[in-house]
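Please look through the sequence and the model shown below, and then follow the explanation from a single residue out to the chain as a whole.

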Amino acid sequence: MKRSRVNETIREGDAFIRSFGYVMPPFAYWSPGEMQQRRTVSAGVFDGRLGWDITDYGQGKFDELGLFLFTVRNGRFEDMKKGVGMLYAEKIMISRKDQLSPMHRHVIKAEDIINRGGGKLVLELFMPDEEGGIDLHAEVTVPVDGSIRRLPAGGLLKLDPGESVTLLPGVWHAFWAEGADVLIGEVSTVNDDLTDNVFRDPIGRFSEIEEDVEPVHLLVSDYQKWLTD
């Protein structure tokens, strides 16, 4: 993606989020220079990879295949192993109408996906087979706001605003917005986008950025490049 498109997407996404009364944390608006100045005193932002995350999955067609994310809080995998500490994470996301977030699963992360407003959020779901691949035959069983929902393999779960689904590790899922853009909340166990995403197709998790203009705000995928000596 071009940096100019990333900047535009951040501005549009921020306005969309605000339209639902969701207020972003102050660090969302730090400039790259401010982030450089705060990288020691605010190490939790960078170590937890909190912040903006705009992805086209490396495929160069964001309107068709992409997702807008912002990680608000995140714990550490080291604490997950001990069972104590900050064992949770939170994201706010935007899925545009008919924009696909591709089929994937998580090895460790359990997550609640919440329709916070807009159109319908549609999820295509599969259970894992014994090797972790997609089971094309097994019935899908997922909790939807505390009630069990059963679907055939590859069934479509449609969530209206206010509804949510719990996805346990291993459950394959792809999703998109139907009717209108959707504001999505995610509450999960500790999030690690570097190692805990398994995609069905050979794609990347992050965008390759073409630096045609200066960044308004850094993406989490920029931190290593922009904030190291």
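Leaving aside residues up to four places away in sequence, Y223 touches M35, V45, F46, R49, L50, G51, L218 and T228, where contact means heavy atoms within 4.5 Å. This is a predicted model, in which local features need pLDDT of at least 70 and side-chain atom pairs count only at pLDDT 80 or more, while totals for chains, interfaces and linings use all residues. Residues are numbered from 1 along each chain as its sequence is written, and side-chain values use heavy atoms, with hydrogens and water left out.

Y223 also belongs to the largest nonpolar core, which has 27 residues and in which M35, V45, W52, I54, F70 and Y223 touch the most other members. Such a core is a set of buried Ala, Val, Leu, Ile, Met, Phe, Trp, Tyr and Cys residues joined through side-chain atoms within 4.5 Å, buried meaning under 20% relative accessible area with a 1.4 Å probe and protein chains only. Two or more residues each come from helix 1 (3-19), helix 3 (43-47), strand 1 (51-55), strand 2 (67-74) and strand 3 (88-95), and helix 1 gives the largest share, four residues. A second, separate core of 23 residues includes L65, M93, L121 and L159.

Turning to the whole chain, there are five helices and 12 strands, which are DSSP runs (H or I, at least four residues, for helices; E, at least two, for strands) numbered from the N terminus. Of its 229 residues, 48% count as buried. Among contacts between residues at least 6 apart in sequence, 73% join residues at least 24 apart. Along its principal axes, the C-alpha trace spans about 50 × 45 × 35 Å.

How values were computed
Buried < 20%, exposed > 50% of the residue type's maximum accessible area, 1.4 Å probe, protein only.
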